[in-house]
Amino acid sequence: MGMKNKILLGALLLVTSAVWAAPAAIAAPKGIDKYELSGFIADFTHFKPGDTVPALYRTDEYAIKQWNQRNLPAPAAGTHWTYMGGAYVLINDADGKIIKAYDGEIFYHR
């Protein structure tokens with residue numbers, strides 16, 4: 001594959017990632033709702049609520065313990081926040097199913 005094709009492929013992946021990671025509630029400017037995602041891309045795979053995350057993202061290394069400093073809501077008992085492909089993802093501890101996802105830009109929410 002030539003250098004030109006690699007650059008074009010990289011640009012295409014970047015653009016499609018941005019489209020899938022668009023906030024689900026763009027019309028809701030209040031609070032953090034505008035950062036909620038209906039889907040996102042991580043590891044070249046599209047994820048959405050209800051999907052199961054790979055085992056890597058269920059490890060302590062990816063668990064977000066300081067969720068309040070990132071403007072994330074408190075996780076309910078039996079859930080925790082993890083970080084995948086630029087998104088903060090709330091997952092179920094028991095089976096790794098995605099409950100909710102927010103765009104990584106929520107960190108800068110004021």
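**A loop residue and the strands around it**

A: D93 is partly exposed, with a relative accessible area of 38%. Here, buried means under 20% relative accessible area, exposed means over 50%, and partly exposed is in between (1.4 Å probe, protein chains only). The model is predicted, so local features need pLDDT of at least 70 and side-chain atom pairs need 80 or more, while totals for chains, interfaces and linings use all residues. Residues are numbered from 1 along each chain as its sequence is written, and side-chain values use heavy atoms, without hydrogens or water.

Where does D93 lie? D93 sits in the loop between β5 (87–92) and β6 (98–103). Strands are DSSP runs of E, at least two residues long, numbered from the N terminus.

Now look across from D93 to T79. Along the chain, 14 residues separate the two. The side chain of D93 places a polar atom 3.4 Å from the backbone nitrogen of T79. That is a polar contact (a pair of N or O atoms within 3.5 Å; within protein, one must be able to donate a hydrogen and the other to accept it, and residues adjacent in sequence count only if both atoms are side-chain atoms). Neighbours within four places in sequence aside, D93 is in contact (heavy atoms within 4.5 Å) with R58, G78, T79 and H80.

T79 brings us to a strand. β4 covers residues 79–84, and T82 is in it. T82 is buried, with a relative accessible area of 0%. A polar atom of the T82 side chain lies 3.0 Å from the backbone oxygen of Y57. Leaving out neighbours within four places in sequence, the contacts of T82 are Y57, Y62, A63, I64, A87, Y88, V89 and I91.

Step back to the sheet. Four strands form an open sheet, in the order β3-β4-β5-β6, with antiparallel pairing. β3 (63–64) and β6 stand at the edges with a single partner strand each, so one side of each has no neighbour in the sheet. Strands pair if DSSP finds at least two bridges between them. β3 and β4 run antiparallel and are joined by two bridges. In one of the pairings, I64 has W81 of β4 as its bridge partner.

To recap, D93 belongs to the loop between β5 and β6, and the D93 side chain makes its polar contact with the backbone nitrogen of T79.
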